[in-house]
Amino acid sequence: MGLLNIGRSEGSQIIQLFGRGVRLKGKDFSLKRSAAIPDEHPKHIKLLETLNIFAVRANYMAQFREYLEREGVETEPVIELPLFTWINKEALDKRLVVPRVPEDKIFSQHEQLMLEADENIKVQVDLSVRVHALESTTQGLHTAAAQSGGKRSIPKENLALVDWEQVYLDLLDYKERKNWYNLILRPETPHQLIHQIDYTLIADEAIICPRTFAERIRLQEAVTTILRKYMDMFYRHRRERWETQVMEYRPLDENDPNLAFNRDKVKEGRPAYLLHIHRSKKELIEFIENLCKQEERLRNEENDKLPRIAFDRHLYLPILLKKKNSDILKSIPPTLEESEAKFVRDLKTFWEEEKDKTLSGKEIFLLRNLSRGKGIGFFEERGFYPDFILWVLDGKSQRIIFVEPHGMLHAKAYIHDEKAQLHEKLKALAPQIAQRSGRDDISLDAFILSATPFDELRLRYDDGKWDKSKFAKKHILFMERTSEYDYMRLLFAET
């Protein structure tokens with residue numbers, strides 16, 4: 001975009017011009033740039049997604065750039081710098097395995113299903129209007145929230161106002177955008193489902209009881225939203241059920257997506273982090289380039305200039321950490337968050353303390369589990385990929401533990417929290433996978449590690465009456481290490 005004598009002062013027309021330049025339809029009309037989509041992308045796609053503005057005598061450009069920088073938007077050239085990783089081949093020689101769906105089995109190609117009513121699926125759609133207020137008083141700041149609408153069902157007589165042909169077409173379009181080619185949707189199905197499924201709609205009465213033809217559009221949107229969410233849950237449940245029937249234990253090797261990240265994007269063909277750094281940060285760029293030439297130092301040394309953990313039980317090194325005010329703008333794969341870094345450090349300390357004591361005769365190995373498309377995931381449509389995979393080897397047996405450290409302030413009650421219930425599903429799933437794989441020496445487990453302290457979580461989780469022992473029984477541990485409570489010992493208790 002070129003500006004000649006335009007934008008010499010601030011004005012809304014200039015902002016509108018920029019808006020025209022940054023609009024993208026995105027892949028599958030997602031309105032997202034490639035950086036927000038984890039799939040593989042065409043080469044040089046980022047150049048096509050970049051808006052370049054050239055201006056002559058446009059004073060407002062400098063002000064606009066300052067505004068973007070305050071908002072955290074990159075305004076100066078960025079380079080993508082590879083940071084190569086060292087693969088722990090000795091660990092791979094231990095014949096570690098992971099549960100995965102075989103590569104030649106794809107749900108959309110191997111299983112056909114008809115959209116129908118399922119009594120086990122309960123849908124809730126919230127179309128209420130929320131208002132949040134912040135008020136300054138002599139006692140300090142106070143917040144207030146209000147919500148309009150309540151739980152409602154759509155009266156049967158009002159469903160006659162819905163354009164069911166349009167609902168059907170909208171659902172077909174949604175199915176195509178999701179690439180659910182194996183899902184069959186009949187024209188009469190949407191109308192039948194709205195009478196058969198268990199749904200809760202939170203909305204104003206005006207939405208379900210329109211008084212004019214113009215208001216009827218909101219009822220149409222409500223019905224479409226309910227059925228779209230039902231389709232999501234129906235497809236996920238059927239896919240999850242199918243995956244449990246085909247998942248097998250596969251040997252972990254250097255070609256596993258969790259270990260081969262970015263290998264096709266660097267000339268050397270080695271796994272590597274891709275770091276995005278401002279071109280002006282020459283000192284940091286030179287430091288990283290020199291570090292790549294000193295593999296021993298890269299994997300065994302820790303420092304603040306490039307924050308990382310040296311833990312030889314991890315399947316690749318270095319393990320990069322997130323740092324506030326870092327000159328590294330972005331890392332692919334992402335750096336460890338604070339709670340994730342604490343877990344790795346605590347595990348490293350525990351291993352050094354106990355490898356000749358309670359863990360004598362055993363070995364442990366750790367691997368960062370990547371996100372959608374590469375890592376091992378559960379509840380595919382919701383995208384739950386536990387942060388770490390931990391192996392505990394005892395002779396010929398393997399215990400595989402999926403570990404998820406995160407804050408739980410907004411966690412649901414246990415009965416509605418699929419992440420917290422993963423350990424129950426895995427224990428039921430393990431015998432089936434073992435039978436298909438011809439293995440009886442492997443067990444599966446999962447833990448949630450709460451970065452939210454117990455005193456903060458206990459009052460708001462479930463019925464507010466849980467103590468630490470009940471949390472532990474449900475495989476939710478608090479990241480504390482004291483003489484009375486040590487989450488590391490609880491994590492390894494069954495070994």
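What covers the buried residues of H13? The cover includes S5, H9, strand S13 (248-251), strand S21 (397-406), strand S22 (442-450) and helix H15 (468-473). The report returns to this helix below.

## Basis of the model

This is a predicted model, in which local features need pLDDT of at least 70, side-chain atom pairs count only at pLDDT 80 or more, and totals for chains, interfaces and linings use all residues. Residues are numbered from 1 along each chain as its sequence is written, and side-chain values use heavy atoms, with hydrogens and water left out.

## Overall make-up

The protein has 16 helices and 23 strands. Both are DSSP runs numbered from the N terminus: helices are H or I with at least four residues, strands are E with at least two. Of the 495 residues, 42% count as buried. Buried means under 20% relative accessible area, exposed means over 50%, and partly exposed lies in between (1.4 Å probe, protein chains only).

The accessible surface comes to about 28,100 Å², by the Shrake-Rupley method with a 1.4 Å probe, where for residues only the protein chains shown count as cover. Carbon and sulfur atoms account for 48% of this surface. Contact means heavy atoms within 4.5 Å. Among contacts between residues at least 6 apart in sequence, 70% join residues at least 24 apart.

## Helix H13

Helix H13 covers residues 422-437, 16 residues in total. From first C-alpha to last it reaches 21 Å, close to the 22 Å expected at 1.5 Å a residue; the expected span is 1.5 Å times one less than the number of residues. H13 bends by about 35 degrees at Leu-429, and Pro-431 follows within four residues. The bend is the angle between axes fitted to the seven residues ending at a residue and the seven starting there.

The buried residues of H13 are Leu-422, His-423, Leu-426, Leu-429, Ala-430, Ile-433 and Ala-434. An α-helix has 3.6 residues a turn, so residues three or four places apart point the same way. After H13 comes Gly-438, with a positive phi near 70 degrees.

Arg-238 is found in helix H9 (residues 216-246). With a relative accessible area of 15%, Arg-238 is buried. Leaving aside neighbours within four places in sequence, Arg-238 is in contact with Phe-107, Leu-113, Glu-116 and Asp-118.

Asn-88 has its place in the loop between strand S4 (86-87) and H4. Its relative accessible area is 6%, so Asn-88 counts as buried. Beyond residues up to four places away in sequence, Asn-88 touches Asp-312, His-314 and Leu-315.

## Salt bridges

Side chains of opposite charge can pair when their charged atoms come close. The structure holds 33 salt bridges, each a side-chain nitrogen of Lys or Arg within 4 Å of a carboxyl oxygen of Asp or Glu. One of them joins Lys-94 and Glu-363, whose closest N and O atoms are 3.2 Å apart. Lys-94 is in the loop between helix H4 (89-92) and strand S5 (97-100), Glu-363 is in strand S19 (residues 362-368), and 269 residues separate them. Lys-94 is partly exposed at 37% relative accessibility, and Glu-363 is partly exposed at 25%.

Lys-122 and Asp-198 also meet in a salt bridge (3.1 Å, N to O). Because Lys-122 lies in strand S7 (residues 122-126) and Asp-198 in strand S12 (residues 198-203), the pair ties together parts 76 residues apart in sequence. Lys-122 counts as exposed, at 55%, whereas Asp-198 is partly exposed, at 36%. Glu-353, Glu-354, Arg-481, Asp-486 and Arg-489 are linked in a network of salt bridges.

## Aromatic pairs

There are 17 aromatic pairs in the structure. Rings of Phe, Tyr and Trp (its six-membered ring) pair if their centres lie within 6.5 Å; planes under 30 degrees apart count as stacked, over 60 as edge-to-face and the rest as tilted. Phe-454 and Phe-471 form an edge-to-face pair, 6.2 Å centre to centre with 90 degrees between the planes. Phe-454 lies in helix H14 (residues 454-457) and Phe-471 in helix H15, so this pair ties together parts 17 residues apart in sequence. Both Phe-454 and Phe-471 are buried.

Phe-471 also forms an edge-to-face pair with Phe-478, at 5.1 Å centre to centre and 80 degrees between the planes. Phe-478 counts as buried, at 1% relative accessibility. Tyr-414, Phe-454, Tyr-461, Trp-466, Phe-471 and Phe-478 form one aromatic cluster.
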